[in-house]
Amino acid sequence: GDSVTQMEGPVTLSEEAFLTINCTYTATGYPSLFWYVQYPGEGLQLLLKATKADDKGSNKGFEATYRKETTSFHLEKGSVQVSDSAVYFCAHTRGTSYGKLTFGQGTILTVHP
Amino acid sequence: AAGVIQSPRHLIKEKRETATLKCYPIPRHDTVYWYQQGPGQDPQFLISFYEKMQSDKGSIPDRFSAQQFSDYHSELNMSSLELGDSALYFCASSPTGGQYNEQFFGPGTRLTVL
C-alpha cells in the first residue's frame, strides 16, 4: 500500500549547519509530494510541494526535489536557524481532487545557537 | 487571508461521553478532511467529504461519525469515548481541483479523555 518513510530522528544541529531529512515513498500512480512543518503546540503548515518528477519545491530556504527514479523527496536547507526547530513531516497524495494525505512518521529538528 | 477554523481548541471529556468537533473550511473550499494525531505520532487520515458527500474513509472507528453541511462546514461526532481517543484532531480543506490537492490545515482540537 501507499506509505512514506522518513529518516529516524531526532536531528540536532548547530545554527548555520546543513540540513538533510530523507524521505522515500511508495505509491501507485503519480503522487504529489509535500513537506509540512509543525511548530510546538501548533497545527501543520505546508512548507513546500512538488507535483511531478524532477520538480523542485522551495520555500524559506528549504528545498526538495521529486525524484521518481529513487521515489524520494529529501528536504534540504543550507543554513538552519534556531527558529527552524520543529517537527517536519513528509507526505504524499495521489493528486486527485479529494485524495487523502499519507504522512511519514515525522522528524524532530532541534537547532542550537 | 482566511484560514481553517476549528472549535473548540481544547476539549476535556470523561470516558464513555460524547464529543463534537467542528470545522469551518476556507471560503470556496468544498473538500474537508479529518485527521487524528496521537502523541508523538504522524497524522492519520480519518474521513473526507466533497460537496457534502463522503469521498474517502480511513481508520475511523465505528463510534465516530462525521458529516459536511450545506455551508461546507463539517462536524466530527465521537461517542463512547475511550482513553485512546485522546489526540489532536485536525481538519483540513482544499478547493475543487485545488492545485494538486494542497490541503490547508486548521490549528487542531486537542481532545483529552479522562
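Student: How many salt bridges are there across the interface of chain A and chain B?

Tutor: This is a predicted model, and across the interface of chain A and chain B the rule finds one salt bridge. It joins the side chains of Lys49(A) and Glu102(B), with 3.1 Å from N to O.

Student: Where do Lys49(A) and Glu102(B) sit?

Tutor: Lys49(A) belongs to strand E6 of chain A, while Glu102(B) lies in the loop between strand E9 (87-94) and strand E10 (104-105) of chain B, and the pair crosses between the chains.

Student: Is Glu102(B) buried or exposed?

Tutor: Glu102(B) is buried, because its relative accessible area is 14% and the cut-off for buried is under 20%. Lys49(A), with a relative accessible area of 25%, is partly exposed.

Student: What about polar contacts across the interface of chain A and chain B, how many residue pairs?

Tutor: Four residue pairs are in polar contact across that interface, counting pairs where both residues have pLDDT 80 or more.

Student: Switching topic, which residues touch the most other members in the largest nonpolar core?

Tutor: That core has 24 residues, and the ones touching the most other members are Leu19(A), Trp35(A), Leu47(A), Leu48(A), Phe73(A), Leu75(A) and Tyr88(A). Several strands of chain A each supply at least two residues of this core, among them strand E2 (11-14), strand E8 (62-65) and strand E12 (107-112). If you look at Tyr88(A), leaving aside residues up to four places away in sequence, its contacts include Trp35(A), Leu47(A), Leu75(A) and Leu109(A). Apart from this core lies another, of 22 residues, including Ala19(B), Ile26(B), Trp34(B) and Ala87(B).

Student: Ok, and Ser74(B), where is its place?

Tutor: Ser74(B) is in strand E8 (residues 74-78) of chain B, and it counts as buried because its relative accessibility is 0%. A polar atom of its side chain lies 2.9 Å from the backbone oxygen of Gln67(B). Beyond four places away in sequence, Ser74(B) also touches residues including Leu21(B), Cys23(B), Trp34(B) and Phe49(B).

Student: Back to salt bridges, how many are there over all chains?

Tutor: A search of the whole structure finds eight. One of them joins Arg63(B) and Asp85(B), whose closest N and O atoms are 2.9 Å apart. Arg63(B) lies in the loop between strand E6 (53-57) and strand E7 (64-68) of chain B, and Asp85(B) in the loop between E8 and E9 of chain B, so the pair ties together parts that are 22 residues apart in sequence.

Student: Which residues are joined into one network by salt bridges that share partners?

Tutor: Arg63(B), Glu82(B) and Asp85(B) are joined in that way.

Definitions and conventions: Residues numbered from 1 in each chain as written. Chains lettered and ligands numbered in written order. Predicted model: local features only at pLDDT ≥ 70, side-chain atom pairs only at ≥ 80, totals over all residues. Heavy atoms only, no water. Salt bridge = Lys/Arg side-chain N within 4 Å of Asp/Glu carboxyl O. Polar contact = N/O pair within 3.5 Å; in protein donor to acceptor, adjacent residues only side chain to side chain. Core = buried A, V, L, I, M, F, W, Y, C linked by side-chain atoms within 4.5 Å. Buried < 20%, exposed > 50% of the residue type's maximum accessible area, 1.4 Å probe, protein only. Helix = DSSP H or I, 4+ residues; strand = E, 2+ residues; numbered from the N terminus. Contact = heavy atoms within 4.5 Å.
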